[in-house]
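Let's take a friendly walk through a protein structure, going from the overall picture to a few side chains. Have a look at the model first, and then read on.

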Amino acid sequence: MRGDRLTKLRQERHLSQRELGEIILVSGYTISAYELGRSDPSDDIKVRLAEYFDVSVDYLIGLIDEPLSYRRDANVVMLPRNLSEGQKESLRAFLRSLEEQDWVGAPKEEVLAAT
């Protein structure tokens, strides 16, 4: 696990190592060992940390750099990494426009006018 990421997440919540340990049921010394890279948490502890901080285990262990939500679901759209910021914003705008349409694709205003 990336100890620097755990330290950053803990400090963002203004928690001491002891306080975080109490939350995930380990000692403050154990949290210190994780943060310093002297010990690697079990998979169960990694999951507890991911749930508490709402980040993916992949982020905690350094596989990805984006702290994706642990609670992400099927409604989350992952954008391709090779898109420019402009392309990403265009795609987001398109998705927002879809929210403004009813289930058959007609804009909500037209559906209301027809009734």
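What percentage of the 115 residues of the protein count as buried? The figure is 26%. Keep in mind that this is a predicted model.

**The overall picture**

The protein has seven helices and zero strands, so its pattern along the sequence reads α-α-α-α-α-α-α. Among contacts with a separation of 6 or more, 35% are between residues 24 or more positions apart.

In soluble globular proteins, nonpolar side chains tend to be buried together. Here, the largest nonpolar core contains 16 residues, and L20, I24, L49 and F53 have the most contacts inside it. Two or more residues come from each of α1 (3-12), α2 (17-24), α3 (28-36), α4 (43-53) and α5 (57-61). The largest share, four residues, belongs to α4.

Which residues does L49 touch, if those up to four places away in sequence are not counted? They are M1, L6, L20, I24 and L60.

**One side of a helix**

Now turn to α2, where L20, G21 and I24 are buried. These residues cover an arc of only 105° around the axis, which means that they lie on the same side of α2. An α-helix has 3.6 residues a turn, so residues three or four places apart point the same way. The buried residues of α2 pack against α1, α3 and α4. After α2 comes L25, which has a positive phi, near 70°.

**An aromatic pair and a charge**

The structure holds one aromatic pair. Its partners are Y52 and F53, arranged edge-to-face. A pair of aromatic rings is described by the distance of the centres and the angle of the planes. For Y52 and F53, these values are 4.9 Å centre to centre and 75° between the planes.

Are the two partners buried or exposed, or something in between? The table gives the values.

| Residue | Relative accessible area | Class |
|---|---|---|
| Y52 | 26% | partly exposed |
| F53 | 6% | buried |

F53 counts as buried because its 6% is under the 20% cut-off. Y52, at 26%, is partly exposed. The ring of Y52 has another neighbour too: the charged end of R13 sits over this ring, 4.7 Å from its centre.

How values were computed
Residues numbered from 1 in each chain as written. Predicted model: local features only at pLDDT ≥ 70, side-chain atom pairs only at ≥ 80, totals over all residues. Heavy atoms only, no water. Core = buried A, V, L, I, M, F, W, Y, C linked by side-chain atoms within 4.5 Å. Buried < 20%, exposed > 50% of the residue type's maximum accessible area, 1.4 Å probe, protein only. Contact = heavy atoms within 4.5 Å. Arc of directions from axis to C-beta. Phe/Tyr/Trp six-rings, centres within 6.5 Å; stacked < 30°, edge-to-face > 60°. Lys NZ or Arg CZ within 6 Å of the ring centre and 35° of its normal.
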